[in-house]
Amino acid sequence: MKRTFKMSLIVTLISLVLVSCGNDKPSLQRYFVDHQESANFSSVDLPVSMLNLDDTKLSKEQKEAYKSVRRLNFLGFKLNEANKDNYQSELNTVKTILKAEKYQELIEFQDSGNKFSVKYLGDDDKADEVIVLGSSSNYGFGVFRLLGDDMKPEKIYLLVDAIRHSDVDTNKLKEITNFFK
């Protein structure tokens, strides 16, 4: 009996080690953590509460969307003459991560030489993460992660519209907006 228990314990431990070692695929979260304090990168983590939206002025759908969003993460690579070689390598790394099957594509588009890709984690009705990758051969690239619980795309659009028409304190967003100057 002791021998059977011992063998079962050993097999279980070996299985756990093999399973944990087998999942070393790069993730966007790991990329953010590894690069948030690296040279050429700028990182901002914003709680959605910093928007200070007056929820008495929000519709029911906008309130629901506001409550489903927890925070926004931004990681940007600022392009300059000294890091041009690194730029394409880092951008390709992010693109490779976002090609993983778990990321659903919403839209890709170009505007004035800037490229944008919007993806999400979740199903057709609800997302737990929305990712926007924007890149420019003049400025660099930036990755936005909108994190939440069961976010509904159509209601997130309503929330974005409410934010556009509110008095958000832009001083809190300066690090992101200055990144693109």
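Areas come from the Shrake-Rupley method with a 1.4 Å probe, and for residues only the protein chains shown count as cover.

Leu-106 sits in strand β3, which spans residues 104-111. Leu-106 counts as partly exposed because its relative accessibility is 48%; the cut-offs are under 20% for buried, over 50% for exposed, and partly exposed in between (1.4 Å probe, protein chains only).

## What kind of model this is

This is a predicted model, so local features need pLDDT of at least 70 and side-chain atom pairs count only at pLDDT 80 or more, while totals for chains, interfaces and linings use all residues. Residues are numbered from 1 along each chain as its sequence is written, and side-chain values use heavy atoms, with hydrogens and water left out.

## The chain as a whole

The protein chain has six helices and six strands. Helices (H or I, at least four residues) and strands (E, at least two) are DSSP runs, numbered from the N terminus.

Of the 181 residues in the protein chain, 33% are buried. The chain exposes about 12200 Å², with carbon and sulfur atoms supplying 53% of that area. Now for contacts, meaning heavy atoms within 4.5 Å: among those with a separation of 6 or more, residues 24 or more positions apart account for 62%.

The six strands form an open, antiparallel sheet in the order β1-β2-β6-β5-β4-β3. The edges are β1 (41-47) and β3, each of which pairs on one side only. From one strand to the next, the twist averages 10 degrees. As a reminder, strands of a sheet pair through backbone hydrogen bonds, either parallel or antiparallel. Two strands count as paired if DSSP finds at least two bridges between them.

Strand β2 (residues 69-78) has partners on both flanks. With β6 (residues 140-151), strand β2 pairs in the antiparallel sense over nine bridges; Phe-77 stands opposite Phe-141 in β6, and Asn-73 has Arg-145 in β6 as its bridge partner. With β1, strand β2 pairs over seven bridges, again antiparallel, and Pro-47 has Arg-71 in β2 as its bridge partner.

Helix α2 (residues 28-35) packs on the sheet and touches β1, β2, β5 (127-136) and β6. The direction of α2 makes about 130 degrees with that of β6; axes are lines fitted to C-alpha atoms, for helices over the stretch in contact, and angles run from 0 to 180 degrees between N-to-C directions.

## Salt bridges

How many salt bridges does the structure hold? There are seven, counting a side-chain nitrogen of Lys or Arg within 4 Å of a carboxyl oxygen of Asp or Glu. One of them joins Asp-149 and Arg-70, with the closest N and O atoms 3.8 Å apart. That pair links distant parts of the chain: Asp-149 is in strand β6 and Arg-70 is in strand β2, 79 residues apart. Asp-149 is partly exposed at 45% relative accessible area, and Arg-70 is also partly exposed, at 42%.

Another salt bridge joins Glu-105 and Lys-119, again with the closest N and O atoms 3.8 Å apart. Glu-105 lies in strand β3 and Lys-119 in strand β4 (residues 114-122), so the pair ties together parts 14 residues apart in sequence. Is each side chain buried or partly exposed? Glu-105 is partly exposed at 46% relative accessibility, whereas Lys-119 is buried at 10%. The side chains of Glu-81 and Lys-84 also meet in a salt bridge, at 3.2 Å from N to O. Here Glu-81 is exposed at 66% and Lys-84 partly exposed at 46%.

Asn-80 sits in the loop between β2 and α4 (84-98). Its relative accessible area is 34%, which means Asn-80 is partly exposed. Asn-80 and Tyr-139 are 59 residues apart in sequence, yet 7.7 Å apart in space, C-alpha to C-alpha.
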